[in-house]
Amino acid sequence: MITIGVIGCGRIANNAHFPAFERIKDLRIKYACDVIKEKAEAIKKKYHIVENITTDYKDVLDDKEVDAVFILTPNYAHYEIAMAALKAGKHVFCEKPITVNYKLSCEMANEAKKQKKILNIGVCNRYHASVEKLEELNRNGEFGKIYHVYCSFRAFRSIPGLGGDFTNKKVSGGGALIDWGVHFLDLILYILGGAKILTVSGDTYCEMAKDMKSYKYKNMWAEDTKNIENGVNDVDDFVTGHIRTDKGTISFNGAWAQNLDKSEMFIDFLGDKKGARLTYCGQFDITDGQTLQTTSSTHEIPDMYQKEDEAFFDSIITGEKTKSHIDNILQSAKLLQAIYDSAEAKKEISF
Ligand SMILES: NC(=O)c1ccc[n+]([C@@H]2O[C@H](COP(=O)([O-])OP(=O)(O)OC[C@H]3O[C@@H](n4cnc5c(N)ncnc54)[C@H](O)[C@@H]3O)[C@@H](O)[C@H]2O)c1
């Protein structure tokens, strides 16, 4: 039996982790914690698996019965809570992105090593059946040499919670890149098999809601967090980049919002034998350069959140690092940082 405390009872807690916890055996949820008491209460009422609620995460850390914590708070709070939890001797699952920048991410990894505790990051897509299959196909040489990967994560007028946590750099660390790009670029590095980054060139734009009051939209996710009157919007709503690695080049375009009514979410892997297009959160097509035939995958897609949570609990028991251990995610954090640094400096970054 593993005893956990869950810190942060917002969307990802309600929509992903608690539904997964309900299906996981030998798990005791001693605390649901949120600075907004009503949110912790609502989780306890909805999921009958929570024993106590608190508004102070230190209550969770002080409890010797708690083996591990889930940090499901806004990005800026990940670092403080993870460092305190590790120092209190807890294993930690922390949602993506690791935190708001690479330097603090490295400090978190070092603390986990020092305390000999597991620190996993919420890279749920690494547990997606399509991603696992593509990683295996590439490892088996199916694509030949993958010389280029292109990805697009672009949507029409979808800035989340304008003026709230998502668009305030101090809170989130960035916009479309750190919120959506983090998934896409991490998947690419994972499927390529730990590519070493050589050079990075990026540009970021904040164009669609410079004047928040005149921003038009049809949909806004996290609308409950918007603060158009008094909030801040200083993050990227569009990002583009070119990356050289020892395993081929990567280019990408990402937009939380654009003046094109298109949603284009995919990753193209171009190999000299075969190529594949992975539709984000879906299936993939593979085109064979010899037969000129394209086949589509048709596998079932199990709950990737449940799989990543179970992998975390297994790691606590075995002590083994999985693909979501922070040490295996730092390369993605380094890449995000380099893209932001390149955009700010307006020049290529070399490693
Ligand atoms: N893996 C994914 O696909 C995915 C999807 C969505 C969000 N996320 C990540 O999950 C995290 C949370 O996102 P969300 O959409 O659930 O946000 P949210 O705002 O809905 O929920 C965060 C909750 O944390 C609470 N909180 C803030 N500071 C706290 C503190 N110090 N102690 C306790 N509670 C605190 C807030 O009151 C809020 O209820 C973010 O880092 C986000 O990037 C990951």
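Helices (H or I, at least four residues) and strands (E, at least two) are DSSP runs, numbered from the N terminus. The model is predicted: local features need pLDDT of at least 70, side-chain atom pairs count only at pLDDT 80 or more, and totals for chains, interfaces and linings use all residues. Residue numbers start from 1 along each chain as its sequence is written.

**View 1. Helix H6 and its buried face.** Helix H6 spans residues 129-139, and its buried residues are Ser-130, Val-131, Leu-134 and Asn-138 (buried: 20 or more other C-beta atoms, placed from the backbone, within 10 Å of its own; exposed: 12 or fewer). Down the axis of H6 these buried residues fall within an arc of 95°, so they line one face of the helix. Glu-136 and Arg-139 are exposed on the other side of H6. The cover over the buried residues of H6 includes strand S7 (146-154), helix H8 (176-192), strand S12 (274-279) and strand S13 (284-288). After H6 comes Gly-141, with a positive phi near 80°.

**View 2. Domain 1 against domain 2.** Domain 1 covers 2-123 + 315-323 and domain 2 covers 126-304 + 333-350, with bounds from an automatic or database domain assignment.

**View 3. The shell around the ligand.** Of the 23 residues around the ligand, Gly-8, Gly-10, Arg-11, Ile-12 and Glu-95 come nearest (near: C-beta atom, placed from the backbone, within 6 Å). Helix H1 (11-23) and H4 each give two or more residues to this shell.

Notes:
Arc of directions from axis to C-beta. Contact = placed C-beta atoms within 7 Å.
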